[in-house]
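Hi everyone, thanks for making the time.

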Amino acid sequence: MWEPKYLKRIDLRLLLVVFLLMGASVVVILATTQPEGVENFTFTRLAKNQIRAFAIGLFVFFFLACFDYRKLREYTWFFYIGTIILLLGLYFVAPIHNVRRWYRLPFLPFDLQPSEIAKLVVVITLSWYLERNMEKVKNFSIFLRGSIIVFIPFALILKQPDLGTALVLCPIALSMFYIGGIDGRILKVLSGLGVVILGLVLSIFLGLVSHDEMRPYATKFIKEYQYERLNPNTYHQKAGQTAIGVGHYMGSGFLKSEYTGNKFLPYGFTDSVFPAFAEEFGLVGALLLLSLFFSLIYFSFQVTGVARDYFGRLLASGIAIYIAMHVIVNIGMMCGFLPITGVPLILVTSGGSSVIATFIALGLLQSIYARRFTF
């Protein structure tokens, strides 16, 4: 079940990309969290916490790379029910920053956010469920029960409220249904509905439809502050694009950014890490960062092709889509193509829960990859 010999078969290309992204994360967090009025470079608390999270994440990564991913089938419902309990438990503890998203635990260097783990647990549970029902996957009842698996955590995360994290579950689930062989007619209807909703959202966000005129209709379904994110003229949206623009080709240099350094860019160490990085290292740095993410996604999808069993292929594809969606949505919203929804840029954004969830995902990918010659 746990065999250290599989460490020899880890994809070293992926590991190199991960270490480079970790380095980029520490650099941008250091740059965006320096205290005002301090002339000398300071190793900030958030940077130290991120390094601690990376240390925990790497331990989890190597442990899971040696763990036989096929054993997950035996514990799937334990993980799923445990995640639901964690999401429900948030409503019985004191809110943090006026929302119910985190547990504050004294033994962790970060606040635990169950919704980050929930996205990965949904991938594992759907992989198990679709494999178990592969012979009758075309039946509508299989799709219906699979949708319930996704809907329960989706509803609990949406209630926190955390619209961005909840919405990430939708394309992940839809893609896994497609790969798992769910009836194509159902998928066409869902895809069409998704395209219509996305088109309406982008029409409002890009100013093609009046933001103010749509407000009375939209706020019947979502909260006022959530709808306000569709405003194409929000300060956060403009600030992100400005930071990217002032970086020019080569950037201002490490700790020399004026726009981000003077705190004009909100959340430079969380939501806005990409524009903060782009201002300091310019177009060249941004393209290098994008190439690292492209490599990470490419290597992840490669695992799908070498998996030796159906469960492994489903799990690898779900994880690859999980990684891709976070990169596409975060960078898209910072470049002004999508509304800002608080989706983290994996391995770069400051946040221990996101880091740990990502390393769990990558560890499982390596477990599948290392066993590609196992029959």
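Let me begin with one term: a residue counts as buried when its relative accessible area is under 20%, and as exposed when that value is over 50%. Keep in mind, too, that this is a predicted model.

With that cut-off in hand, let's take Leu 347. Is Leu 347 buried or exposed? Its relative accessible area is 1%, so Leu 347 is buried. You'll find Leu 347 in the loop that runs between helix 12 (310–334) and helix 13 (352–370). The backbone there deserves a look as well. Most residues other than glycine have a negative phi. Leu 347 has a positive phi, near 70 degrees.

His 248 is not a glycine either, and its phi is positive, about 50 degrees. This histidine also sits in a loop, the one between helix 10 (235–246) and helix 11 (273–306). Here the relative accessible area is 60%, so His 248 is exposed.

Now let's step back to the whole chain. For 375 residues, a compact globule would have a radius of gyration near 21 Å, and the protein chain agrees, because its value is 21 Å.

What about the inside and the surface? Of the 375 residues, 54% count as buried. The chain exposes about 17,700 Å², and carbon and sulfur atoms supply 68% of that area. On the charge side, there are 32 positive and 21 negative side chains, and the centres of the two sets lie 9 Å apart. Among contacts between residues at least 6 apart in sequence, 73% join residues at least 24 apart.

Leu 14 belongs to helix 1 (residues 12–32), and it is buried, with a relative accessible area of 0%. Which residues does Leu 14 touch, leaving aside its neighbours within four places in sequence? They are Phe 61, Leu 296, Phe 299, Leu 362 and Gln 366. Tyr 298 is 284 residues away from Leu 14 in sequence, yet the two C-alpha atoms are 9.5 Å apart in space.

Val 137 tells a story from a loop, the one between helix 4 (114–132) and helix 5 (140–158). With 6% relative accessibility, Val 137 counts as buried. Setting aside neighbours within four places in sequence, its contacts include Leu 130 and Ile 142, along with Gly 180, Gly 181, Ile 182 and Asp 183. Gly 180 is 43 residues from Val 137 along the chain, and their C-alpha atoms are separated by 7.6 Å.

Last stop: helix 8, residues 211–218. His 211, Met 214 and Ala 218 are buried in this helix. Why do these three lie on the same side of helix 8? Because they cover an arc of only 70 degrees around the axis. Turn to the other side of helix 8 and you find Asp 212 and Glu 213, which are exposed.

That's my tour, and I'm happy to go back to any part of it.

Conventions:
Residues numbered from 1 in each chain as written. Predicted model: local features only at pLDDT ≥ 70, side-chain atom pairs only at ≥ 80, totals over all residues. Heavy atoms only, no water. Rg over C-alpha atoms; globule rule 2.2 N^0.38 Å. Buried < 20%, exposed > 50% of the residue type's maximum accessible area, 1.4 Å probe, protein only. Contact = heavy atoms within 4.5 Å. Areas by Shrake-Rupley, 256 points an atom, 1.4 Å probe, with all protein chains shown as cover. Lys, Arg positive; Asp, Glu negative; His and termini not counted. Charge placed at Lys NZ, Arg CZ, Asp CG, Glu CD. Helix = DSSP H or I, 4+ residues; strand = E, 2+ residues; numbered from the N terminus. Arc of directions from axis to C-beta.
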